[in-house]
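Hi everyone, thanks for coming.

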Amino acid sequence: MTRRRAGIVGTGSALPPTVLTNAYFESLPELRTSDQWIIEHTGIRERRKAAPGEGLSLYATEAAKRALEMANLAAEELDLIICGTFTPDVPIPGSSNLIQANLAAKRAAAFDLQAACSGFVYAAVVAQQFIETGKYRRVLAVGADLLSRVTDFTDRTTCILFGDGAGAVVMRDVEPEFGILASNIHSDGAQGQFLTVPAGGSLLPASHETVEQRLHFVRMEGKATFKIAVRSMERSAEDALRQAGYGVEDVKLFIAHQANKRISDAVVDRLGLSPDRVYENIERVGNTSAGSIPIALDEAVRQGRVRQGDLVLLTAFGGGLTWGSVLLRWAIK
Ligand code: UT7
């Protein structure tokens, strides 16, 4: 079978309108935090928060509609919807199924994929496989999380980081000079304990005790995660470039998972990338987990930061632990 090239032909994103600035956290005396600490240690000034009663698929559907519009594709033409998330609306049905219903994408198969903050890159790489083998031609890859739903607002080491948001891309078969040139995904489950949500699964189902013990919130060993994130993202980005036969100087746009500005700055520095090739939005949206890369990509695309033929490098890292990269030659004019 002739292998085809999978490319991104549309991007979209959606953020809740409610803004939580650092001043909000500063105003909670029990947190003993400040605007200055948050900016110096994370680069974040504000993040978004979904309203009560809103679920992930609301924002994911909005992002998907924008991506479909840019791709000039009708929802009925989609063959597959993959939603990378660890904060689905409900355990069943999957948010991918809810997005499918909202879009009336009747022909599409749909499933959720859980790779925490790497969810979008994992979804894009899975979509790439289906497109390259010719099984499916048009795939919607979503990365979205409502982290505020699993954030312990009494834990100052995590609550200042997280934000809500959704991003989506339409992927399809493209001319062989465009599309994904190299990709990799990785996991190290042996280090999974550094970033967990302890309860709410089959091991510790929800109970009064798990709620009282605040076990449904994200727990993170920040320092350990920080170090592994920098090393893993650097290696993954380099591997993608090496696999496709390019150097960092060829990259026109680099987007790293927006976990902490100090993490992405360290990755950019170690790769030797020129800062004018990097797009960041952590200052305005915080860490949106699986939403992080597709939201930033959509903003960069709509700001005219990427042109047809440009090399784009996307590198993620998250709980699992998981990480990975996608290197692509931009297909959209
Ligand atoms: O998206 C998935 C991947 N996520 C990541 O990769 C995140 C990785 N980690 C981080 O972003 C950072 O490690 C944090 C932002 C979580 C923490 O920053 P840090 O510079 O590594 O701080 P630290 O953990 O070394 O803590 C330094 C001090 C501690 O106080 P003591 O023990 O020195 O007295 C913390 O208790 O800062 C304290 N601290 C705070 N102080 C004010 C921690 N959080 C805060 C806070 N405000 N919000």
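Which helix lies across E11 and E12? That is helix H10, residues 292–302, running at about 140 degrees to E11. Angles here run from 0 to 180 degrees between N-to-C directions, with axes fitted to C-alpha atoms, for helices over the stretch in contact; contact means heavy atoms within 4.5 Å.

A word on the source: this is a predicted model, where local features need pLDDT of at least 70, side-chain atom pairs count only at pLDDT 80 or more, and totals for chains, interfaces and linings use all residues. Residues are numbered from 1 along each chain as its sequence is written, and side-chain values use heavy atoms, leaving out hydrogens and water.

Helices (H or I, at least four residues) and strands (E, at least two) are DSSP runs numbered from the N terminus, and strands pair if DSSP finds at least two bridges between them.

Now the sheet: 4 strands make an open, mixed sheet ordered E8-E13-E12-E11. Strands E8 (179–187) and E11 (251–256) each have a single partner strand, so one side of each is left without a neighbour in the sheet. E11 pairs with E12 (residues 311–318) in the parallel sense over 5 bridges, and Val251 has Leu311 in E12 as its bridge partner. Helix H5 (residues 119–133) also packs here, touching E8, E12 and strand E13 (322–329), with its direction at about 125 degrees to that of E8.

Last, helix H7, residues 222–244. Gly245 follows H7 and has a positive phi, near 80 degrees. Thanks, folks!

How values were computed:
Expected span 1.5 Å × (residues − 1).
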